[in-house]
Structures are given as C-alpha cells and as structure tokens.
Amino acid sequence: MGKLDVKILRYLTPEDFRVLTAIEMGMKNHELVPALLATQIANLRYGGVHKLLKEMCKHKLLSYERGKRYDGYRLTNAGYDYLALKVLTQRGTIRSFGNQIGIGKESNIYVVANEEETPLCLKLHRLGRTCFRNIKGKRDYHQHRHSASWLYLSRISATREFAYMKALLDRGFPVPKPIDFNRHCIVMELVEGGPLCNINEVDNVETLYDELMDLIVRLGNHGVIHGDFNEFNIMIKDDGKPVIIDFPQMVSTEHENAEAYFERDVNCIRDFFKRRFGYESELYPTFQDISREDSIDAEVKASGFARQIEKEIDTFLIENGIDYKEEKDNIDNEDSEDSEEETYENCVDNIEDLKCQLKDLQLQNEIVVKEEFNASIRDPALNNDDEHLKKISMVPCPDKQSNTENEYKGNNENVTVENVIINEKHDDFTLYDLSSNAENEAVCFYDDTRSIRSVSTAATIAPDVIKKRTKLALDKRERSQAKRALAKGEASAVTRIRRDNRATIKESTGIWGWE
C-alpha cells in the first residue's frame with residue numbers, strides 16, 4: 001500500500017488535481033483509464049495532459065498499467081489520499097499533518113491539526129490488504145455489483161463509519177466526535193489515552209467489566225451489534241473511561257447471524273479479562289436480554305436490515321410511544337437528493353452523445369420532408385412531360401406549315417401553363433421563352449420541352465440539404481477517426497500482444513518436432 005508522504009501536496013497545481021480527478025471519474029466505469037479519455041475529461045485549457053500524467057506516475061500518484069485489451073492509468077492510494085486531503089484542506093478542517101499513530105487491517109491512523117492547532121485524528125480506510133480481502137463475504141458493500149475497486153469500497157466503509165459515529169454520539173454513547181469526512185478519510189476527535197490491549201493494570205476491574213458489558217447490551221437495545229468488540233477497538237482514557245472505536249463492520253440485530261456476532265463480542269471481553277487480569281464472572285449478557293429501544297440500524301441502513309423489518313419496527317416503536325419518524329424522513333430526503341445527484345452526473349456524462357443523436361434525427365427529418373415535397377412537385381410535371389413527348393412524336397414533317405403551327409400553338413399553351421404551375425410551387429423554377437421564328441418552331445419547341453423536363457427532375461434536393469448532409473458526413477468521419485486514434489507515445493495493446501505471440505512462436509522451434 002505504501003506510506004503516505006504529503007510533502008508533494010504543497011507543490012501540486014490545480015491542473016494536477018484536475019488530471020487526478022479526471023482519472024477518478026474515468027474509473028467509475030473503467031478499470032484502466034485510457035489517456036485519450038483522461039484528456040477529454042480533464043479538458044485543460046492549454047493541453048499538456050500527457051506530460052502531467054507522466055509527472056503523476058513519477059510521484060506514484062497514478063499507475064500506468066498494460067491490460068489485456070487496452071493500456072491505461074489507475075489511481076493509486078496516494079493519489080486518492082491527495083484528492084481527499086485537498087478537499088479537507090480547502091474546507092479548513094486540516095491545516096497540518098503529523099505522524100502515524102496506528103495501523104490496522106483496513107485503515108491507517110494519523111495525527112492532524114486544524115486552523116486553531118487543535119490535534120485531531122485522521123483515519124484513512126485501506127480496504128484490499130492481503131490480510132483482509134474477503135469483503136464480499138463479510139460485508140454488503142457490493143450490493144448488486146459483482147465486483148468493485150478497493151478505492152470505492154474504502155469510500156463506502158468510511159461513509160458508513162461516519163454515519164454510525166454521528167448516530168451513536170447523538171444518543172450518548174462514548175465514541176469519538178466525528179468532525180468531517182471526504183472520500184475514504186474521516187476526521188474525528190483525538191482520544192487522549194491508549195487501547196485496552198496495552199493496559200496491564202486497572203483500578204477497578206469489576207467496574208470496567210460491567211461498563212463494557214452494559215455497552216454491548218445498550219448497542220443491542222438501539223438495534224446494532226458492534227461485530228468486533230475486543231481489546232483493540234476499546235480505548236481507555238486517562239480518567240479510566242472506555243471509548244469505542246472502529247464501526248464499519250456493525251450489523252443490525254435483525255441480521256441472520258446477529259446472535260452469533262453478539263455472543264462473539266461478549267466472549268472476546270470475557271476471554272481478555274480472564275487472560276489479562278485473571279477475572280472471570282458468571283454474569284454476562286445473552287442475545288435474549290436485548291429489548292429494542294431505538295433503531296439506529298434503520299437510520300443508517302445497517303447490514304442485515306430490510307424494508308419489511310423496518311415496517312415492523314415502526315409499528316413496535318409507535319405502540320411503545322417512541323417516534324423517530326422525523327429523523328428518518330430527513331435522512332430519506334438526503335438519500336433521495338444524493339441519488340438525484342448521481343443520476344444527474346450520469347446524465348451529464350452522456351450529454352454529448354445525446355446532442356449528436358438529436359442533431360442526426362433533426363437532419364433526417366428535414367431530409368425526409370424535403371424529399372416528400374420534391375416528389376409532390378415532380379410527379380405532375382413528369383406526367384405532363386410524357387404527354388408532350390407523345391404529341392411531339394406524332395407531329396408531321398415540317399413541310400406542312402399549317403399543321404405545325406396549330407400543333408405548336410396548342411403545345412405552347414400547355415407548356416406555358418405548366419411553367420406557371422411549376423413556378424408557383426418552387427421558386428427555383430423559371431419560365432422559358434419560346435422562339436417566334438416560324439421556320440424553327442418545331443426545333444424550338446423540342447428544346448423547350450427537354451429543358452422543362454430537366455428542370456422538373458434534376459433539382460430534387462435543395463442546396464441547404466446538400467450542405468447539411470455533407471457536414472453530417474464530415475462530422476461522422478471525424479468522430480470515427482477520433483475513436484480509432486491512439487494516444488501519443490502508446491502502442492495498441494492488441495497489436496503488442498499479437499507481436500509478442502509471433503515472437504514467441506518463432507523462438508519456440510523444436511517443441512512440436514520441427515526445427
């Protein structure tokens with residue numbers, strides 16, 4: 001996982017954090033974020049994303065990896081820590097960073113200070129360590145997902161612990177005061193004391209034992225079970241009072257294994273007091289001793305809690321005169337606002353694609369309307385043209401001047417009428433002048449007929465539509481080229497794999513009997 005070094009934090013520019021945020025956003029639906037996608041998300045004004053990515057990899061805030069299908073960048077724990085610390089610093093929650101005071105299977109503990117130089121405790125969740133990887137079987141963080149990144153699971157764990165601490169503190173439980181959180185970081189009150197596992201002597205063993213057992217029962221009465229209530233998660237203050245820490249694994253008393261978790265918490269305390277202080281008592285609580293007084297599990301949606309159980313608990317609490325509806329409604333409203341924000345972010349991610357699709361549909365509709373309009377104009381003109389051609393084919397030789405003049409006069413009237421109709425329907429059509437020379441009347445009539453037919457059949461698409469079609473084709477070509485473009489300085493992963501396979505085949509001569 002690596003040790004956290006915050007020296008570089010003061011030298012990072014807003015562009016650096018913008019690139020880190022772009023990688024974080026890309027990891028929502030990518031295991032490895034391609035450099036081209038990171039460039040599009042970051043959208044820096046003056047470019048230079050590739051240089052910043054290399055700098056981030058140099059400081060180990062990002063990691064460049066080669067995947068089976070494509071290569072890309074991944075956010076490291078240090079980079080995720082920097083994003084969270086940047087936000088907490090801007091809020092004024094943290095101003096200075098101290099030493100590491102604790103480490104666990106899923107978290108690191110540091111001492112920090114605020115603007116008033118008050119010492120605080122910073123907890124960084126670190127899910128994914130080799131000693132504790134069975135998250136899917138022990139926690140319900142995945143919900144409907146088959147897999148998720150360790151950074152995202154760490155964020156869920158921190159969010160739940162902050163909610164538990166706030167709910168327990170409001171009900172008078174001895175827990176550290178939660179101050180602020182962001183992503184996987186929680187800032188809380190620093191407890192002046194040490195863990196119970198480091199204490200060898202106490203003034204009154206029986207009193208401490210009774211207080212710890214009472215805390216287990218009180219938690220059960222409020223609808224939750226700690227799940228890891230042992231000497232490592234109990235702090236003893238300087239005045240001898242116990243303080244409970246570490247809450248991500250808490251479950252509801254309605255969980256299917258709630259009784260087993262409750263008995264395990266009780267046995268952990270009994271075994272420790274027997275081993276360390278030589279104290280063994282026959283008085284210890286059981287799961288049947290729990291009598292529900294409140295519903296913290298319903299407030300924070302603890303593991304093992306369901307909607308049907310919530311209705312039953314509501315009925316039970318109303319019958320006993322306990323009403324927590326107002327608090328629950330406020331929490332539901334906050335959850336709905338969060339879900340609306342997530343939905344809005346997803347819509348913003350796809351807004352560009354929707355705009356392109358909308359433009360395509362609008363252009364298609366305009367083209368269809370234009371074609372229907374042109375077809376309605378072209379059909380009557382074609383019918384009249386066919387009649388004119390038939391009449392022309394039946395015109396006698398030019399030796400008979402009278403017949404030619406009569407035929408020409410009749411056709412001349414039809415042509416004039418047709419030209420007037422076409423001119424009224426379409427502004428681009430123009431009337432054609434006929435020659436008054438009697439010797440060339442038949443030839444002129446034939447030329448006018450051909451010209452009228454060419455006008456009525458050739459001008460089927462307006463110039464504006466042609467321009468829009470051309471622009472649409474160019475836009476599609478640019479988008480396709482952008483999709484196929486490779487990031488600068490990076491080879492295609494598929495091509496690299498094929499090249500490696502060919503080299504392996506050439507080097508592996510003699511395996512199957514040939515040389």
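Me: How many residues does helix 1 have, and what span does it reach from first C-alpha to last?

Reply: Helices (H or I, at least four residues) and strands (E, at least two) are DSSP runs, numbered from the N terminus. The expected span of a helix is 1.5 Å times one less than its number of residues. Here helix 1 (residues 14-26) has 13 residues and reaches 18 Å, close to the 18 Å expected at 1.5 Å a residue. Keep in mind that this is a predicted model, where local features need pLDDT of at least 70, side-chain atom pairs count only at pLDDT 80 or more, and totals for chains, interfaces and linings use all residues. Residues are numbered from 1 along each chain as its sequence is written, and side-chain values use heavy atoms, with hydrogens and water left out.

Me: Which residues of helix 1 are buried, and what covers them?

Reply: Buried means under 20% relative accessible area, exposed over 50%, partly exposed in between (1.4 Å probe, protein chains only). In helix 1 the buried ones are Asp 16, Phe 17, Val 19, Leu 20, Ala 22, Ile 23, Glu 24 and Gly 26. Their cover includes helix 2 (35-42), helix 3 (49-58) and strand 1 (62-66). Across the protein chain, buried residues make up 39% of the 515 residues.

Me: How do helix 1 and helix 2 cross?

Reply: Axes are lines fitted to C-alpha atoms, for helices over the stretch in contact (heavy atoms within 4.5 Å), and angles run from 0 to 180 degrees between N-to-C directions. The axes of helix 1 and helix 2 come within 9 Å and cross at roughly 115°. Helix 1 contributes Arg 18, Ala 22, Ile 23, Met 25 and Gly 26 to the contact, and helix 2 brings Ala 38, Ile 41 and Ala 42.

Me: What about the sheet with the order 8-10-11?

Reply: Two strands pair if DSSP finds at least two bridges between them. This sheet is open, with three strands and antiparallel pairing. Strand 8 (193-195) and strand 11 (242-244) sit at the edges with a single partner strand each, so one side of each has no neighbour in the sheet. From one strand to the next, the twist averages 30°. Strand 10 (residues 234-237) pairs with strand 11 over three bridges, in the antiparallel sense, and Ile 236 has Pro 242 of strand 11 as its bridge partner. Helix 7 (residues 205-221) packs on the sheet, touching strand 10 and strand 11, and its direction makes about 30° with that of strand 11.
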